[in-house]
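My notes follow the structure below.

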Amino acid sequence: MKIRHAATIEATVAGFTGTARQPQALAARLPDGRISLSQRLTTALATRIPPRLVPQPGRAYTQGGDAYTPVSGEIVVEVVAGTTRHAVVTVVRLR
């Protein structure tokens, strides 16, 4: 039997994929400093987050090479992050 572990934590938003008006996923800065792209945002979250996004010019990349648009400001989200090496991050709610 394989058991997958996940923990609910707070993360800051480092950026997003998609457009600022319709973000598809968030680049979340986890407490250990890693930046990981989240799973696709739910419709409810995708409509609540855009007013807080302040896009910065250019592109940034996660350690895995995934591109995202960086943002300024401090946006905190609650995420469920897997505890394995390839942790899956799912945004649960906006703080």
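Which residue takes a positive phi in the hairpin of strand 2 and strand 3? I looked it up: Gly 33 does, with phi near 95 degrees. Five residues lie between the two strands of this hairpin.

I noted the ground rules next. This is a predicted model, where local features need pLDDT of at least 70, side-chain atom pairs count only at pLDDT 80 or more, and totals for chains, interfaces and linings use all residues. Residues are numbered from 1 along each chain as its sequence is written, and side-chain values use heavy atoms, without hydrogens and water.

I then checked the pairing. Strand 2 and strand 3 (residues 35-37) run antiparallel, joined by three bridges. Strands pair if DSSP finds at least two bridges between them; a strand is a DSSP run of E, at least two residues, and a helix one of H or I, at least four, numbered from the N terminus. Arg 29 has Ile 35 as its bridge partner in strand 3. Five of the seven residues of strand 2 are buried (under 20% relative accessible area, 1.4 Å probe, protein chains only).

Last, I looked up Thr 62. It sits in the loop between strand 4 (60-61) and strand 5 (67-70). Thr 62 is buried, at 9% relative accessible area. Not counting residues up to four places away in sequence, Thr 62 touches Ile 35, Leu 37 and Tyr 68 (heavy atoms within 4.5 Å).

How values were computed: Buried means under 20% relative accessible area, exposed over 50%, partly exposed in between (1.4 Å probe, protein chains only).
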